[in-house]
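Thanks for coming, everyone. Let me put the structure up on the screen, and then we can walk through it together.

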Amino acid sequence: MLQGSSKFPRNRVTKKDFFEVLRYVFSLTAFKRVFSLFGYYVHDHISPIAQMKIASNPRIHPTASLRWGKNISLGKNSHINQYCCVWASENSKIVMGDNLLMGPGVKVFSSNHTFKDVNIPMNIQSYQEKDIIIGDNVWLGANVVVVAGVKIGDGSIVAAGAVVTKDIPSYSIAGGIPARVIKQRKQG
């Protein structure tokens with residue numbers, strides 16, 4: 001037997017466990033963490049949604065992370081799924097059309113850090129900012145990444161896990177890293 005272990009496995013809550021939970025639930029650390037988490041939720045979700053240009057009937061999952069809401073437009077009947085990031089920036093917009101379907105974990109970034117000078121830390125270098133346009137009736141599969149300056153045409157489908165670095169024409173099916181057109185969808 002190991003030192004300190006009893007003959008029987010521990011499978012019940014003891015008085016000591018109960019008081020330990022109470023001690024931490026009502027601690028200053030717990031209060032700070034809850035307040036911090038609430039602040040992040042307001043910053044990442046509530047504030048941007050209040051500033052966004054949203055058409056009717058949006059579905060935005062509570063775990064979605066949004067930035068610069070005043071530079072994000074979302075068309076009617078569009079869905080931003082769980083764990084998605086839609087990050088516009090101060091000098092670039094993200095325009096998403098009607099009936100957009102984003103799978104879980106989609107990331108859309110209208111800016112990126114530059115890395116021109118090796119003597120300056122990357123996190124304080126300037127940004128490259130470019131608008132992103134996503135057309136109507138587009139489906140972005142799970143974990144798609146869309147980078148700054150890209151246009152995805154109406155009716156397109158982007159396969160799960162693709163990284164979109166160049167424009168995707170309307171009614172295309174695209175996939176891969178970097179994403180490329182695999183075939184065209186038939187209209188009609």
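A word on how the elements are named: helices (H or I, at least four residues) and strands (E, at least two) are DSSP runs, numbered from the N terminus. Residues are numbered from 1 along each chain as its sequence is written, and side-chain values use heavy atoms, with hydrogens and water left out. Please keep in mind that this is a predicted model, in which local features need pLDDT of at least 70, side-chain atom pairs count only at pLDDT 80 or more, and totals for chains, interfaces and linings use all residues.

Let's start in the loops. N77 sits in the loop between strand 4 and strand 5 (79-80), and its phi is positive, about 55°, although N77 is not a glycine. N57 is another non-glycine with a positive phi, of about 60°, and its place is the loop between strand 1 (53-54) and strand 2 (59-60). For accessibility, buried means under 20% relative accessible area, exposed over 50%, and partly exposed in between, with a 1.4 Å probe and protein chains only. N77 is partly exposed at 37%, while N57 counts as exposed at 52%. One more loop: P178 lies between strand 18 (172-175) and strand 19 (180-184), and the peptide bond from I177 to P178 is cis, with omega near -10°.

Now to the inside. A nonpolar core here is a set of buried Ala, Val, Leu, Ile, Met, Phe, Trp, Tyr and Cys residues joined through side-chain atoms within 4.5 Å. The largest one has 30 residues, and those with the most contacts inside it are I80, M96, M102, L140 and I152. Strand 4 (72-74), strand 7 (94-96) and strand 12 (132-134) each give two or more residues to this core. As a general point, nonpolar side chains in soluble globular proteins tend to be buried together. Contact means heavy atoms within 4.5 Å; setting aside neighbours within four places in sequence, I80 touches several residues, including L66, L74, V86, M96 and M102.

What about charges? The structure holds one salt bridge, meaning a side-chain nitrogen of Lys or Arg within 4 Å of a carboxyl oxygen of Asp or Glu. The partners are R67 and D44, at 2.8 Å from N to O. R67 is in strand 3 (residues 65-67) and D44 in helix 2, so the pair ties together parts that are 23 residues apart in sequence. R67 is partly exposed at 25%, whereas D44 is buried at 16%. R67 also lies over the face of W87, 4.3 Å from the ring centre; the rule asks for NZ of Lys or CZ of Arg within 6 Å of the ring centre and within 35 degrees of the ring normal.

On to the rings. Rings of Phe, Tyr and Trp (its six-membered ring) pair if their centres lie within 6.5 Å, with planes under 30 degrees apart called stacked, over 60 edge-to-face and the rest tilted. The search finds three aromatic pairs. Among them, F18 and F19 are edge-to-face, 5.5 Å centre to centre with 75° between the planes. F31 and F35 are stacked, at 6.3 Å and 20°, and they are about one helical turn apart, being four residues apart in helix 2 (residues 28-51).

Last, how many disulfides are there? The count is zero, where a disulfide is a pair of cysteine sulfur atoms within 2.5 Å. The sulfur of C84 is 7.7 Å from its closest cysteine sulfur, in C85, so the two are too far apart for a bond.
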